[in-house]
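Hi,

Here is the structure I promised to hand over. Please have a look at it first, and then read on for my notes.

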Amino acid sequence: MNFLRNQLDKVKHNFERGQKWEKYYYAYEALDTFMFAPNTTNDVKGSQIRDAIDLKRLMMTVIIGMVPCLLFGIWNVGHQHFLAIGQAGATLGDKLWVGALQVVPIIIISYGVGLGIEFIFSTLRKHPVNEGFLVTGMLIPLVMPPDVPLWQVAVATAFAVIIGKEAFGGTGMNVVNVALTARAFLYFAYPSDLSGDVWTFIGDGQAVAGYSGATPLSLAADAATTGVNVVQSFNSFGAGWNEGVFTLSNLFMGIRPGSIGETSTLMCLIGALILIATGAGSWKIIVSVFGGAYVMGLFLNLVGGNAFTQMPAHYHLVIGGLAFGAVFMATDPVTASQTETGKWVYGFLIGLFTVLIRVFNPAYPEGIMLAILLMNVFAPLIDYFVVSANKKRRLQRATV
Amino acid sequence: MGKFIKLKKGFTINLAGKAAPKVVEPEQPETFVIKPADFHGIYLPKVVIKEGDSVKAGTALFHDKKHENILFTSPVSGEIVEVKRGEKRKLLEIKILADKKVEFELFPKFSVSDIANLPVQEIKNQILKSGIWPSIVQRPYGVVADPTTTPKAIHISAFDTHPLAPDYNVLFKGQDQAFQVGVDVLKKLTSGAVHVNTHSTSEVSTVFSQVKGVEVNKFSGQHPAGCVGVQIHHIDPINKGDVVWTITPLGVIQIGKLFSQGIYDASKLVAIAGSEVKNPQYYKTYTGASVKKFLENNLNNDHVRVISGNPLTGTAIGKDGHLGFFDQQVSVIPEGDYYEFVGWITPGARKLSFHRSIGLFSFLSPNKERVVDTNTHGEPRAFVQTGIFEQVTPMDILPTHLLKSILAEDIDEMEALGIYEVIEEDLALCEFVDVSKHKVQEILREGLDLVQNS
């Protein structure tokens with residue numbers, strides 16, 4: 001490694017203040033600190049020792065939490081592909097190969113475009129390249145449908161990073177979750193590519209007879225008008241080509257069509273365990289999102305009204321992207337509520353609004369995306385009340 | 001009756017090289033130094049001696065231009081060899097070449113019954129003249145106490161939870177009587193109580209357990225339980241307009257000796273500790289001592305950082321530097337100016353961390369003593385709220401919001417969020433655990449200066 005260090009040291013001075021490549025200092029710094037943890041020491045005054053943590057490691061921890069979802073997603077894209085074209089006997093290798101061919105380019109595009117923009121902005125704005133995009137760059141592919149056109153991934157990533165983040169001042173300053181901004185951008189800009197039969201990659205193959213690209217959410221939304229029992233329509237779906245795809249256990253496992261990484265509640269829970277054990281994600285938010293959705297589901301069961309409101313509350317926790325959103329999106333430390341009490345409220349309302357949007361707004365069947373974006377905007381307000389309460393306690397004490 | 005307070009949040013940094021409970025009386029260093037930078041709230045130090053003057057222990061060296069009666073005096077007798085000034089003639093330090101045997105300025109002596117009848121003003125004058133007054137620190141702001149005020153209480157923390165902290169049972173052994181006299185004197189300066197705050201689980205020295213006429217409070221929990229600011233927050237919090245004084249046990253003992261023996265005795269025990277010290281133990285010396293002699297032939301290697309005070313809040317002074325005014329601890333830890341290949345992801349239990357992120361396993365063995373160097377382990381980055389500051393702040397204070405209000409220079413907000421209750425040491429752990437490597441203590445001091453001067 002000494003060779004590499006020497007090479008970096010050789011060019012380093014060119015990037016320092018007053019030298020010819022001064023402008024690109026932060027781009028160089030990002031690469032250098034990626035290769036080598038820096039040799040900087042603490043100031044002579046203040047804390048002389050520092051925790052071994054840094055932002056890179058924290059972000060890497062979140063990425064590792066996403067790995068189960070990613071690996072499962074790659075397999076599932078291949079698996080669903082072969083089911084849809086009627087080749088249920090395809091080997092594991094074939095499934096992984098087809099899945100990887102679909103998913104890996106999306107990841108490359110997402111990281112390439114996003115990091116490119118980060119480097120350009122760091123040079124223009126003269127601020128360090130923040131590691132936040134390491135996570136965002138992985139989240140974006142996981143919430144994309146498997147056959148999303150690559151140019152759309154590029155456009156959405158660029159929009160999200162520029163408008164969603166850099167316009168507010170970069171990492172740490174953004175109001176709404178960057179990855180969800182990308183997803184929401186596609187949703188509203190190219191609705192035809194993000195609804196209907198996009199959740200299974202069919203490619204050059206021919207879909208089998210009886211194939212349908214419906215999702216549990218669209219089935220449930222239909223049920224609201226037709227009045228069919230939702231659970232029955234789930235259980236009978238896929239007869240002939242993908243038997244039992246929407247049974248409760250299968251929904252929990254996530255062996256069903258959907259966005260690349262968000263189908264499996266089980267994988268999201270494994271991710272949640274990693275985040276909670278490492279302290280990278282707030283367990284309060286994760287628990288309260290699930291809690292909020294479940295409570296709202298139960299409440300709607302009591303109210304009744306149509307077939308969707310009568311769907312058992314626990315189904316809400318396994319359909320759509322609720323689990324993925326709760327674990328990886330709602331916990332984003334920049335856009336979530338920042339006070340401990342606020343986190344409970346923030347998470348609970350996300351769960352509540354998700355179910356509300358699902359059930360009462362058939363135009364937007366997936367509620368979690370909009371619920372999180374909405375609560376991102378309201379998180380500062382929740383914090384405002386929590387902080388005010390803290391100030392009030394202090395004031396009351398003074399008069400005693 | 002005192003209170004018993006259990007603190008649940010915090011983090012005790014367990015470093016290798018704690019001082020063994022052994023006291024040595026070494027050959028005394030040649031030079032001693034008093035630095036105005038050790039005190040907050042000095043407007044402009046006015047030097048009253050010249051190079052070449054001889055002084056005794058307790059002879060005035062300088063005073064603050066705003067408070068001419070607060071004298072800063074020499075800890076030892078000898079000759080002034082240097083009045084060191086920096087840019088714009090700012091006073092940096094006054095260096096004294098010490099005599100072999102310390103001679104004292106003599107102050108009036110009092111018996112216990114005399115003290116009870118002494119007028120408050122006379123007590124204050126004696127402390128001011130002796131040069132012990134600057135060890136009384138005023139909250140809010142952590143500045144040298146204003147002698148014209150009467151505090152609502154005086155707090156003494158009787159234990160230290162900082163990394164490599166000296167054991168107070170060793171530091172103050174046998175000083176029971178002086179401590180009692182000091183407390184008796186201090187009681188006359190406050191309208192409220194004198195609080196002595198002890199640790200509930202470790203052995204408490206008789207100096208603190210047998211003292212009469214004070215409230216003895218008990219605390220349990222990890223660092224910063226020993227920080228007096230945290231203790232005040234739980235016993236009798238500081239509100240806007242309140243004045244509270246804090247003083248170290250050493251300061252109390254010095255006041256005791258000033259009244260019972262009539263001298264300013266600046267002798268103190270100092271723990272020379274840290275992973276790079278061959279024989280970590282206690283040395284008897286005086287305030288402002290040069291640390292050079294204590295470290296000679298006593299270091300494991302040459303590439304070290306010598307800190308006056310503890311590694312969380314101390315100041316790097318170099319191998320021939322001098323002890324800070326308040327410090328009873330010198331920490332020697334390895335310098336961390338090395339590159340580490342992909343150091344941001346390499347796993348291991350060797351690196352100390354409060355976090356449990358991927359590859360950081362130190363949380364599995366919390367009782368293991370660790371060697372920690374001065375490397376920053378990362379680069380400064382934007383604030384990312386992970387809620388970690390709140391986990392190491394055992395107070396009803398929101399550190400992130402307070403720091404942000406300081407960065408925004410919003411004085412009303414700082415007041416509302418409780419800036420009066422904290423100084424640097426109370427939030428030093430936030431600086432340690434910060435993912436984004438902010439200089440939390442520096443930011444806080446900027447806020448305190450801003451509020452104080454507004």
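Helices (H or I, at least four residues) and strands (E, at least two) are DSSP runs numbered from the N terminus. By that burial count, β17(B) is mostly covered, since 5 of its 6 residues are buried.

Some housekeeping. This is a predicted model, in which local features need pLDDT of at least 70 and side-chain atom pairs count only at pLDDT 80 or more, while totals for chains, interfaces and linings use all residues. Residues are numbered from 1 along each chain as its sequence is written, and chains are lettered from A and ligands numbered from 1 in the order in which they are written.

Two strands pair if DSSP finds at least two bridges between them. In chain B, 6 strands form an open sheet with mixed pairing, in the order β2-β17-β16-β20-β18-β19. Its edge strands, each pairing on one side only, are β2 (23-24) and β19 (315-316) of chain B. β2(B) runs parallel to β17(B) (residues 281-286), and 2 bridges join them: B:Val23 has B:Tyr282 as its bridge partner, and B:Val24 stands opposite B:Tyr283. Strand β16 (residues 267-273) of chain B runs antiparallel to β17(B), joined by 6 bridges; here B:Lys268 stands opposite B:Thr285.

Chain B also has a helix pair to look at. Helix α4 (residues 176-187) and helix α7 (residues 249-261) of chain B pack at an angle of about 90°, with their axes 7 Å apart (axes are lines fitted to C-alpha atoms, for helices over the stretch in contact, and angles run from 0 to 180 degrees between N-to-C directions). That makes α4(B) roughly perpendicular to α7(B), a label for angles of 65 to 115 degrees; under 35 counts as roughly parallel, over 145 as roughly antiparallel and the rest as oblique. The residues of this contact divide into 11 nonpolar, 4 polar and 1 charged. Ala, Val, Leu, Ile, Met, Phe, Trp, Tyr, Cys and Pro count as nonpolar, Asp, Glu, Lys and Arg as charged, and the others, Gly among them, as polar.

How do the two chains meet? The contact takes 64 residues from chain B and 52 residues from chain A (two residues are in contact if their C-beta atoms, placed from the backbone, lie within 7 Å). On the side of chain B that touches chain A, α12(B) gives the most, with 4 residues. That side has 27 nonpolar, 22 polar and 15 charged residues. Strand β1 (residues 36-37) of chain A also pairs with β21(B) in the antiparallel sense over 2 bridges, and A:Phe36 stands opposite B:Phe341.

In chain A, the domain assignment, which is automatic or from a database, gives domain 1 (57-194) and domain 2 (216-256 + 264-387). Their contact takes 24 residues from domain 1 and 25 residues from domain 2. α3(A) supplies the largest share of the domain 1 side, 12 residues.

Finally, helix α5 (residues 132-142) of chain A is largely enclosed by the rest of the structure, because 10 of its 11 residues are buried. Those buried residues pack against α3, α4 (92-125), α6 (150-165), α7 and α14 (322-329) of chain A.

Happy exploring!

Definitions and conventions: A residue is buried if 20 or more other C-beta atoms lie within 10 Å of its own, exposed if 12 or fewer, and partly exposed in between; C-beta atoms are placed from the backbone.
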